[in-house]
Number of protein chains: 2
Amino acid sequence: MNNKKQEIIKHSTAHILATAVLEMFPEAKFGTGPATEEGFYYDFDLPRTLIPEDLPLLEEKMRAVIKADHSFEKEEISTENATKHFEKANQTYKLEIIKDLQNEGNKNVTIYKTGNFVDLCSGPHIDSTGEINSQSFKLTKISGAYWRANEKNKQMQRIYGVVFENKKELEEYLENQEKAKERDHRKLGKELDLFCFSDLIGPGLPLFTPKGTIIKDELQKHIEEVCRKYGFQKVSAPSLAKVELFEISGHAKKFGDELFHVTSKKEHDFVLKPVQCPHHTQIYASKTRSYRDLPIRYMESDKQYRAEKTGEVGGLSRVYAITVEDGHSFCTANQVKDEIKNMINIIKDFYGALGLWGNHWVSLSVRDYAHPEKYIGDEKDWNQCEKILEEISDEMKLGAKRCEGEAALYGPKLDFMFKDALGKEIQIPTVQIDFATPKRFNLEYTNEKGEKIPPVMVHRAILGSYERFLVLLIEHFAGAFPLWLSPVQVKIIPISEKFEDYAKEVEQKLLENNIRVEMSFESESLGKRIAEAEKQKIPYMLVVGEKECEAKTVAIRKRGEKKQEVLPLEEFAEKIKKEIEGKK
Amino acid sequence: MNNKKQEIIKHSTAHILATAVLEMFPEAKFGTGPATEEGFYYDFDLPRTLIPEDLPLLEEKMRAVIKADHSFEKEEISTENATKHFEKANQTYKLEIIKDLQNEGNKNVTIYKTGNFVDLCSGPHIDSTGEINSQSFKLTKISGAYWRANEKNKQMQRIYGVVFENKKELEEYLENQEKAKERDHRKLGKELDLFCFSDLIGPGLPLFTPKGTIIKDELQKHIEEVCRKYGFQKVSAPSLAKVELFEISGHAKKFGDELFHVTSKKEHDFVLKPVQCPHHTQIYASKTRSYRDLPIRYMESDKQYRAEKTGEVGGLSRVYAITVEDGHSFCTANQVKDEIKNMINIIKDFYGALGLWGNHWVSLSVRDYAHPEKYIGDEKDWNQCEKILEEISDEMKLGAKRCEGEAALYGPKLDFMFKDALGKEIQIPTVQIDFATPKRFNLEYTNEKGEKIPPVMVHRAILGSYERFLVLLIEHFAGAFPLWLSPVQVKIIPISEKFEDYAKEVEQKLLENNIRVEMSFESESLGKRIAEAEKQKIPYMLVVGEKECEAKTVAIRKRGEKKQEVLPLEEFAEKIKKEIEGKK
């Protein structure tokens, strides 16, 4: 089914839903009901709050509408006639839309009739309701939604639904949804005790527990080690700055309402940094630089702040402070290509190790050519940057697809898109060329001829923000993290109290090898303790009893494997140590 | 010379200064001129701005006053007569003070006459100006100062000075000042390229360069490694919170005007955390806890924010965001003593390794008993906590001195004071008992009897804030950091271009051993390159030429030593690696 056809089916099913709602609530007032990426929704102003039990009833009524095979009758009428019609029907929201259309200079509008339901709608639609397979749609959710997404307006009730061409597709979708629910990072984050929230601190402000912090720290150590090999040096910048810094960089305008302002009773006036780049330019600017010093590559993992809408923050996906693993290279024009290639190699290494490289595509994100005012910098520089990225895509066989309007504020970029275990697309790593920022901050270096000229800045993100990357990791691995990232790598389970001394010996041996170990003492049955370790998705369980104690061995249960292996303690320690170092 | 006598001499010299100023500027108006820790100052309202060249002239006039041996004549007069006198002399600042004294109910005031100078002053003073040794004082500095330290008042000119009993003491003082200037962290921070500031970001907001970041990171790795051995687990909390969090903890009231408020156009309303403790209570509170889980020990190195006065921030000593290495233990009442002893052992280990343990004293910082309203918590708990700390001081032979009024908001503490290389006292590590905070946040655990009761919280700081600790390190070591903390551990200097290949071989070998290396290529003379490495206080310099290249050796110059040692490359790598690991 192509996209256009999908959209028509989704939107037509929204009309069928509205027809069913009108039957259930004759006094219903209708908002709008568009198709979405996933399915469709319709917003209603109803005499009572909907309950989940209403959804099957509405589905039943929708099936009746489908069975009745009403045709979608399109009619073009004058705005005056439309106003008369919807006034009579007391459809205040539709009247508001008609007024806006009139103000925009429209003389006529189109309406669609399906059975008793008449909607102000520009279409297109299917021919008749019978075209929908009555076994291939489902109403999925009820939620609140402000009229026209404005918090000052009335809150309406939104019903979400999905629709497919056949029953099998619907079933696959629902199954995938169940899997996704099981993998939801908010659910697993709680079960595996990785992060938490507090009402006294507020949503959008996660606290990482010891286990979550281990994963964050391991990721940071890893990415810094990789980048250090490519010549990146770590720096550390403050979170606050005068707003001037971001006025010069252009971010104050770009982020606008998303900037957090910091004030005090002592008349301080700062902003919390929404990005890291301007701070890094100031470290570059703190010394005189020569072409012999370039490239200078800075990296830093620090929080960046965005005043997201209160209603939109949730879990780790959208938070007020994202901890970004950021990097910038200041280089000569001749070095740009090599710098970018190095960065792409880092991306390849990093995502390859996680098994994500290969199932990906690359976007060459260029300007929205119709709106040059959205960007900073010179036309000439933009063209040159685009050319460089195209050449790199060819030379490195990236097959980058040109995506207009996706560029950064200061230049074009290469964005890398991966697919997680459930097929969800994730856009994280990016490499961006920037001729504009160094000029705005009067950065310079002395070239071979003794002239002072601006360097080029190349921006790169590898894992992006730790918060979003954790979402990816948790949902991709369903909490069963690779060994090197697991907060607890080995759980030692003595069969009974008698073997606790030997268990402690095992623990000591592993701790000496910097392996993260937890002990499960006997307060529950062996079976329960094993089940608990499985639920915690711990990579290795060592069950120790009489045999192991005597032979100085461990009985190993590897996560996801039924078979138990027995190895001498020394040998196991060596084996797991190598496995961790190899990041397998 | 005892403190009281010192103070009298300092304050009397301030009068002698005022006498000299009156002679130079008959229209001078006088503020106040107290003794300070270091010496004395006097504030003047003068017809012109002072220049440094004025100070020797004033010193000359002061010597004349001393030579004239004027007596300090004390007189008690009515406030009315005092008003008449100072009105006639047009001394508006003195009149303001007299008015305040009248308002406080004083009928009389005392004045002191020295030559032509009459001051409103409660004394005491020396008998006559001749008692001051005319070779043992010095005027040190001119600065601006608002009348009564209020920015809304007129800015006066402040002259600082020092005075001692004899010339030798003055010379020692001045010599020490010179040394301190050489070691000043702002000067060395720039010379060694450790941190920088930007006008676009603002003072009080340092940026750490790659070299400064290495020191910060090495410190963090080290302290975390030490604390992990004592059972501390790292956590990670956001910087923002609702103000309610700090209202409950009591910090909102305590910090008052020092709180940074964070707002946005989307009507967010947060504060930047001034301390870490309340956030950690919320991680504790995220799960149900049993006595079997305790003690739970959290640590975190994160920024804490204080809205310091704009005029007071400077260098790394006072900044808007201090990166605090913070730690908290949640434990049962029975565990408190062991927890604190563990923490004191960490302090001993950490400061011992820096050679600072031994030359220290400990303060048992207790309440200001006259002002219980400054603290939170129950009287009974406070008494118990003080008793525990006293016992620990005895058992661990700390010889803690009781210091009233030095307690924390929530409980008494043990503070450790060290002396740096120039004898300056530094107060950083602290251990604090807190029965109050857990109760305020309704924290609890289930005890052996199944009852839910609050845990005790023990707060500890080891290195305190990284910013202030860096000041200590830089000034204590005069920039010659211990090997393990040195941003560059080895500088390789090939005698000429011919030996650059071998130099690279040496570099590679050291990099493989995770040693931080820099290469000095031939663009300057050998002598200049060696001098530069010495100025950068790099621990090891390896000069390589023909002999070294042939024999695969390195000629080693150790920082501060004249003698050069030759070792096989392999052997040197092994040796330095061990030295780094041993943190010598």
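This is a predicted model: local features need pLDDT of at least 70, side-chain atom pairs count only at pLDDT 80 or more; totals for chains, interfaces and linings use all residues.
**Group meeting: loops, rings and sheets**

A:Asn514 counts as exposed because its relative accessibility is 68%, and the cut-off for exposed is over 50%.

A:Asp69 is another residue other than glycine with a positive phi, in this case near 50°. Its place is the loop between α2 (54–68) and β3 (73–78) of chain A. With a relative accessibility of 41%, A:Asp69 counts as partly exposed.

Next, the peptide bonds. In chain A, the bond joining A:Leu294 and A:Pro295 is cis, with omega about -5°. A:Pro295 belongs to the loop between α10 (277–284) and β14 (296–305) of chain A. In chain B, a cis peptide bond runs from B:Gly123 to B:Pro124, with omega near -5°. That proline, B:Pro124, is found in the loop between β5 (117–120) and β6 of chain B.

Now two buried residues of chain A. A:Thr13 is part of helix α1 (residues 3–24) of chain A. Is A:Thr13 buried or exposed? A:Thr13 is buried, since its relative accessible area is 1% and buried means under 20%. A polar atom of its side chain lies 2.6 Å from the backbone oxygen of A:Ile9. If we leave aside neighbours within four places in sequence, A:Thr13 is in contact with A:Phe40, A:Met62, A:Ile132, A:Phe137 and A:Val163.

The other one is A:Cys121, in the loop between β5 (117–120) and β6 (137–146) of chain A. A:Cys121 counts as buried at 9% relative accessibility. A:Cys121 and A:Thr32 are 89 residues apart in sequence, but their C-alpha atoms are 9.0 Å apart in space. Again leaving aside neighbours within four places in sequence, the contacts of A:Cys121 are A:His11, A:His15, A:Thr110, A:Ile111 and A:Tyr112.

On to the rings. How many aromatic pairs are there over all chains? The count is 46. One of them is the pair of A:Phe350 and A:Phe469, which is tilted, with 5.7 Å from centre to centre and 50° between the planes. This pair links distant parts of the chain, 119 residues apart: A:Phe350 is in helix α11 (residues 336–353) of chain A, and A:Phe469 is in helix α14 (residues 466–477) of chain A. A:Phe350 is buried, at 2% relative accessible area, and A:Phe469 is buried too, at 0% relative accessibility.

Chain B has rings with a charge placed over them. The charged end of B:Arg158 is over the ring of B:Tyr41, at 3.7 Å from the ring centre. The charged end of B:Lys401 is over the ring of B:Trp361, at 4.3 Å from the centre.

That leaves the sheets of chain B. One is an open sheet of 4 strands in the order β1-β2-β7-β6, with antiparallel pairing. Which strands stand at its edges? They are β1 (29–30) and β6 (137–146) of chain B; each has a single partner strand, so one side of each has no neighbour in the sheet. Strand β1(B) is joined to β2 (residues 40–45) of chain B by 2 bridges, running antiparallel. B:Phe30 stands opposite B:Phe44 in β2(B). Helix α2 (residues 54–68) of chain B lies across β6 and β7 (155–163) of chain B, at about 120° to β6(B).

Another open sheet in chain B has 8 strands in the order β10-β14-β15-β22-β19-β18-β16-β17, and its pairing is mixed. Its edge strands are β10 (233–234) and β17 (401–404) of chain B, each with a single partner, so one side of each lacks a neighbour in the sheet. Inside this order, β19 (residues 425–434) and β22 (residues 456–465) of chain B pair in the antiparallel sense over 5 bridges. B:Ile433 stands opposite B:Val458 in β22(B).

Helix α7 (residues 210–229) of chain B packs on this sheet and touches β10, β14 (296–305), β15 (321–331) and β22 of chain B, with its direction at about 160° to that of β14(B). Helix α11 (residues 336–353) of chain B also packs on the sheet, touching β14, β15, β18 (413–419), β19 and β22 of chain B; the angle between its direction and that of β22(B) is about 5°.

Notes. Residues are numbered from 1 along each chain as its sequence is written. Chains are lettered from A and ligands numbered from 1 in the order in which they are written. Side-chain values use heavy atoms; hydrogens and water are left out. Rings of Phe, Tyr and Trp (its six-membered ring) pair if their centres lie within 6.5 Å; planes under 30 degrees apart count as stacked, over 60 as edge-to-face and the rest as tilted. Buried means under 20% relative accessible area, exposed over 50%, partly exposed in between (1.4 Å probe, protein chains only). A charge sits over a ring if NZ of Lys or CZ of Arg is within 6 Å of the ring centre and within 35 degrees of the ring normal. Two strands pair if DSSP finds at least two bridges between them. Contact means heavy atoms within 4.5 Å. Axes are lines fitted to C-alpha atoms, for helices over the stretch in contact, and angles run from 0 to 180 degrees between N-to-C directions. A polar contact is a pair of N or O atoms within 3.5 Å; within protein, one must be able to donate a hydrogen and the other to accept it, and residues adjacent in sequence count only if both atoms are side-chain atoms.
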